[in-house]
Structure formats: structure tokens, C-alpha cells
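Student: I have a model open beside its sequence, and I would like to learn how to read it. Could we go through it slowly, one feature at a time?

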Amino acid sequence: MESIYYVMTWLCHRTCEHCYEDRFHPYHGEELKKVVRESQQNVPRIIANFPDRFTYRDLNDVDEQGKFREKRGRVILAGGEILLEAVRERVLYPALEQLRRKYQDKGGVEIIVQTTGDLLTERFVVELLERGVSVISVSGMDEYHDGMDTAEAQQKLQTKLRKIFEAHGVQEWTPPPRPETERYYHFFGATPGSWIGRLWPRGRAWKNELSTATLADNFCNAWSGGLNFLQHEFSGSEVSIEPSGGVYPCCIKTKAPVGNLLENKLDDILNGLVGNPVYEAISMGHPERMGIAHGWSVEKFLEKSRTVLPSGRTYQNLCIGCDAFHEEVLMFDKKELVQIA
């Protein structure tokens with residue numbers, strides 16, 4: 001597997017209006033205990049069902065014998081905000097130790113920690129590096145994050161963090177290509193022109209009608225979309241995992257997971273989907289074809305991709321069609337099977 005995007009907790013210190021997931025927000029009292037307990041209990045079981053070897057074969061790098069070179073994959077650990085006190089030492093740090101033990105004699109794994117950045121201190125950077133973190137990804141560089149909603153505020157935070165990173169030998173990455181160094185950092189956010197700038201039609205971004213994506217914006221046919229998720233032995237593959245163990249073909253997330261890592265190994269889940277026309281269409285980056293075997297023509301899928309927002313504005317994107325297909329066909333079929341059983 002080249003990449004796993006693992007959301008370890010729903011806990012966040014923000015309730016950003018553009019967030020793709022309603023469950024990312026502050027929790028208090030018994031709700032906080034419940035959210036933290038879920039992560040504490042599930043993380044070890046989920047990581048245990050990660051691939052036995054976290055490597056992939058690079059289709060763009062062939063050796064002298066014509067074989068694809070094997071390379072180390074990566075796991076991105078995120079929230080919410082994974083550096084919050086309630087989960088940092090009780091959830092994140094044990095997970096880092098478990099990942100290191102699991103893969104240290106099997107080719108290793110690149111570990112990336114994603115954070116909004118405003119909680120980062122020199123102490124946390126040192127503790128992350130000591131536990132094998134290769135990359136610190138700072139994701140809050142946009143106008144939607146309170147306190148970082150101006151260019152001046154973003155520049156101030158970046159200047160502060162650069163000094164900390166570089167003092168500990170962590171280099172900056174400005175893509176492309178990926179740096180040669182083992183340790184690096186980078187900044188990004190939901191800014192115009194960025195890969196996430198149009199915003200996914202999900203969560204609070206959807207409720208607040210902030211997504212500007214059109215039918216031409218095929219999130220599925222891109223990295224962090226469903227593209228190549230079934231080709232988990234080769235380059236280009238990524239899946240998303242949520243705190244419950246649910247596995248999704250994309251970070252945007254389909255209406256229903258394709259499996260659960262509390263119950264099965266990731267390799268077994270993905271191998272079980274090979275040949276399924278719904279998930280093959282997603283993996284090929286053509287979600288509009290996922291329903292053909294179920295009587296949904298491309299034309300019907302595109303029609304289902306259109307909706308009218310509460311404001312009266314017409315919105316059309318393939319993610320909406322994917323949601324409709326899951327609700328009207330896949331999830332309905334699963335309910336029927338449960339009732340029959």
C-alpha cells in the first residue's frame with residue numbers, strides 16, 4: 001500500500017465552517033471521554049490489521065531486470081487535531097510506537113502527522129521526531145481557520161514554525177517533487193487553486209453551501225479520491241480510515257465504508273472488492289459508471305448528481321451522484337440482505 005490516511009480521532013479544537021466532517025469539533029465532559037475512549041480502544045486493533053508489509057511497487061520506476069522497484073509506503077495520522085492534550089499522549093504516541101515496532105524489520109513506513117499547526121511547539125516537534133515521524137504536515141493555512149485567516153497571521157505562524165523545524169534538521173518541501181531528505185515539513189490549506197480549494201460537498205462545507213465544485217471537478221479521479229485504491233500493491237493507492245475502523249476508497253468518503261479494520265485485515269477487504277463493478281469504477285476514477293451493473297446508466301448517474309440547495313442554487317457534482325447511488329441502491333440492498341438473514 002502506498003498510503004493510508006488515518007483519522008484517529010473526531011476531537012478538534014475548532015468548528016471550521018469549511019470542514020468536510022461534522023464530527024470534527026470540541027467535545028466536553030462525558031462526550032470527550034467517549035471520543036477519547038473510542039480511539040484508545042480502536043487504534044491498536046486497527047493498526048494490527050494494516051498490511052503486514054507497508055511497501056508498494058512503483059509503476060514509474062523499473063530496475064535493470066524490468067521489475068518495478070519496491071518502495072516504502074506512508075501513513076498519514078490526522079484528526080480532528082491529533083496534538084490536543086486529550087489524545088496526544090494517550091492515542092497518537094502509542095500509535096507511533098506500534099507502527100515502528102510493526103514495520104521496523106519489514107521495510108519500514110513513512111509516518112506523517114497532520115496538524116493545523118497552531119498547537120505545534122518545539123517540545124512536540126522533538127517528541128514526534130523521537131518517535132519516528134518523518135513528516136509534519138501543517139494544514140491550517142487558509143482563511144477558514146480562526147486566528148490564521150489573514151496572510152499576515154499565516155506568515156507569522158510559518159516563520160515561527162520554520163525556525164523550530166530547521167533547528168532540528170527538518171527541511172521544507174515545496175512540491176513537486178518530494179524531497180530526498182528523510183525529514184521534512186510543508187504548509188497547505190483550502191486556498192483558491194489548491195487541490196482542495198473548491199471544497200468537497202461534505203460536512204459543514206456542504207451545509208454552509210461553500211463548495212464551488214462543478215460537474216467538471218471529478219474528485220474521484222485524483223489523489224485522495226478513489227483513483228487506484230484497489231491497486232494496493234502498486235503506486236497510486238490510498239485509502240481513508242476513520243476512528244471506528246471504517247475503510248473508505250477516498251478521503252471525501254462514500255456514504256458507506258467498504259469494510260472495517262476492527263473485523264478484517266485491510267488486504268482482505270480490498271482483495272474482496274476486486275472485480276466488483278461499483279468499486280472498480282471508483283478505482284478507475286469514473287464514478288459515473290459505478291451503477292451500470294445495477295441499471296444506472298451514465299445519464300441517470302449524472303441526473304442524480306444534480307440537486308437544489310436550500311438557498312435555491314442548483315449544484316451538480318459527481319460526489320452527489322455517488323451519494324445517491326449508495327443511498328438508493330447499495331445501502332438499500334444491504335438492508336434487504338440483513339432483513340432476509
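**Reading a helix and a sheet**

Tutor: Helices (H or I, at least four residues) and strands (E, at least two) are DSSP runs, numbered from the N terminus, and contact means heavy atoms within 4.5 Å. This is a predicted model, in which local features need pLDDT of at least 70 and side-chain atom pairs count only at pLDDT 80 or more, while totals for chains, interfaces and linings use all residues. Residues are numbered from 1 along each chain as its sequence is written, and side-chain values use heavy atoms, with hydrogens and water left out.

Student: Which residues of helix α3 are buried?

Tutor: The general idea is that an α-helix has 3.6 residues a turn, so residues three or four places apart point the same way. In α3, which spans residues 122–130, the buried residues are F124, V125, E127, L128 and L129, where buried means under 20% relative accessible area, exposed over 50%, and partly exposed in between (1.4 Å probe, protein chains only). After α3 comes G132, which has a positive phi near 95°.

Student: How do strands pair, parallel or antiparallel?

Tutor: Strand β1 (residues 3–7) pairs with β4 in the parallel sense over five bridges, with V7 standing opposite A78 of β4. β4 and β5 also run parallel, joined by four bridges, and R74 stands opposite E110 in β5. By contrast, β9 (residues 238–241) and β10 (residues 246–248) run antiparallel and are joined by two bridges.

Student: Which way do the residues of β4 point?

Tutor: R74, I76 and A78 point one way from the strand, whereas V75 and L77 point the other way, and all are buried.

Student: In what order do the strands of the open sheet lie?

Tutor: The nine strands follow the order β7-β8-β6-β5-β4-β1-β9-β10-β11, and their pairing is mixed. The edge strands, each pairing on one side only, are β7 (171–172) and β11 (259–260).

Student: What does I4 touch?

Tutor: Leaving aside residues up to four places away in sequence, the contacts of I4 include F50, F54, V75, V239 and L266.

Note on methods: Pairing = 2+ DSSP bridges.
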